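Subject: Structure for you to look at

Hello,

Here is the structure I said I would pass on. Please open it first, then read the notes below.

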Amino acid sequence: MARAKRKRRNTQNRRSVGPVWRKWIIPAVIALFVIVLVVPTVLTGLNPLGSPAESSSAAPAEDQGQSQQPTALEVGSTAPGFSLEDTEGETISLESLQGKPVVIAFFAPWCPHCQDEAPRLTQIHAEYGDRVHIVSISATPYGKDYGQSRSRITQEPRITIDDLKWFQEEFGVTYPLLFDPEVAVGEVYNIRSFPTTYILDSDHRIVEIFVGGRPVAEFQRVLDGILGNQ
């Protein structure tokens, strides 16, 4: 009789444990699924280059070759020359931008921070007019649709002049956009994230290097300092 009672109690205990186990397995599976999806996304959003993640986009890993410069460019050094065509087919060289401060903004059409920066540079262009040269140079081999493909097999679209024309029209750009499909100038200037902006004085010495987007006031501060010293 005692053995029969213990057997019934054990059976009841097993029955009570079963529903509890089934009650928690579904939430546990959901939580694991969320972790698998969310954590890689968060980690991918972190900028591995040390620049502000909220204001710049890292260049694709396969796009980060060795710079042609023996050392990184620094404030006070002379900016390397370049000669590239703009969206109208006209050639613009650094040598041709004489006698005024120069703003060189390196960008990628697909970069959201570059898209945010474009109206600010347009504002600077309108405010300073012919007192300052502003040019923007493509510094990526990929077009505006880069990153939209979810397949590792699908080849990313290569950049074309139409990507620059799209950027110019879409974001109301009023300053020249220069096309560098081989990213030769970007390599010389050691571009590793977008946007990266060099501000030069009238003798083409580097006065400031902005890695990541900046408010209009910071551009004004640097440009007013250069113009005030001329």
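How many disulfides does a search of the whole structure find? It finds zero, a disulfide being a pair of cysteine sulfur atoms within 2.5 Å. Buried means under 20% relative accessible area (1.4 Å probe, protein chains only).

Please note that this is a predicted model, where local features need pLDDT of at least 70, side-chain atom pairs count only at pLDDT 80 or more, and totals for chains, interfaces and linings use all residues. Residues are numbered from 1 along each chain as its sequence is written, and side-chain values use heavy atoms, without hydrogens and water.

Helix H2 covers 112–128; helices are DSSP runs of H or I, at least four residues, and strands are runs of E, at least two, numbered from the N terminus. H2 bends by about 25° at Ala-118, and Pro-119 follows within four residues. The bend is the angle between axes fitted to the seven residues ending there and the seven starting there. Among the buried residues of H2 are Cys-114, Glu-117, Ala-118 and Leu-121.

Those four also line the largest cavity. A cavity is a set of points on a 1 Å grid over the protein atoms alone where a 1.4 Å probe fits but cannot get out; lining residues have an atom within 4 Å of a point. H2 gives the most to this lining, with four residues, and strand E4 (102–107) supplies at least two.

Regards

Note on methods: 1 Å grid on protein atoms, 1.4 Å probe; cavity = no way out; pocket = protein on both sides within 12 Å on 5 of 7 lines; lining within 4 Å. Buried < 20%, exposed > 50% of the residue type's maximum accessible area, 1.4 Å probe, protein only.
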